[in-house]
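Please open the structure in your viewer and keep the sequence panel at hand.

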Amino acid sequence: MPKTQKTNYYKVLKLTRNTTIQKIKQAYRKLVLLYHPDKNIKKSEKEHQQAEQKFIEIREAYKFLLNNHKDIKQKAQRQKTKKKINEKIMSDEFKKMFSRAVSKTIYEMLKK
């Protein structure tokens, strides 16, 4: 079944993006026990299938995050750094423009 929208694996494991590998493992263990198909045998067929589907999603999220969490955090850090650099550049440019305008105004005032 093709997925039309991107899955938020952090949300599947009920975590935030600034989590650690240790927390990912803890959340996985907790949720796997809750939704494991063998633990949901006594429930209705529909509930059993829903638990099985949730179990598969949890496993998929866990595998993805273990393999990609470090890259995701590094990408977020790079974006954060890039944003700070851009803000600094814009701030410096604004200061230059403002200082020129003030200098020109002072010059005009002194000239009179």
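Begin by selecting Lys 54 and Tyr 35: Lys 54 lies over the face of the Tyr 35 ring, 5.9 Å from the ring centre. A charge is taken to sit over a ring if NZ of Lys or CZ of Arg is within 6 Å of the ring centre and within 35 degrees of the ring normal.

The model is predicted: local features need pLDDT of at least 70, side-chain atom pairs count only at pLDDT 80 or more, and totals for chains, interfaces and linings use all residues. Residues are numbered from 1 along each chain as its sequence is written, and side-chain values use heavy atoms, with hydrogens and water left out.

Next, display the whole chain as a cartoon. The chain has 3 helices and 0 strands, in the order α-α-α along the sequence. Helices (H or I, at least four residues) and strands (E, at least two) are DSSP runs, numbered from the N terminus.

Now show the aromatic side chains; the structure holds 2 aromatic pairs. Rings of Phe, Tyr and Trp (its six-membered ring) pair if their centres lie within 6.5 Å; planes under 30 degrees apart count as stacked, over 60 as edge-to-face and the rest as tilted.

Select Tyr 9 and Phe 64. Their ring centres are 4.6 Å apart and their planes stand at 35°, so this pair is tilted. Because Tyr 9 belongs to helix 1 and Phe 64 to helix 3 (residues 45-111), the pair ties together parts 55 residues apart in sequence. Tyr 9 is buried at 15% relative accessibility, whereas Phe 64 is partly exposed at 33%. Buried means under 20% relative accessible area, exposed over 50%, and partly exposed in between (1.4 Å probe, protein chains only).

Move to Tyr 28 and Tyr 62, a stacked pair with 3.8 Å from centre to centre and 15° between the planes. Tyr 28 lies in helix 2 and Tyr 62 in helix 3, so this pair ties together parts 34 residues apart in sequence. Both Tyr 28 and Tyr 62 are buried.

Finally, select Arg 17, in the loop between helix 1 (9-12) and helix 2 (21-35). Is Arg 17 buried or exposed? Arg 17 is exposed, with a relative accessible area of 52%. Which residues does Arg 17 contact, leaving aside neighbours within four places in sequence? They are Asn 8, Tyr 10, His 69, Ile 72 and Lys 73, where contact means heavy atoms within 4.5 Å.
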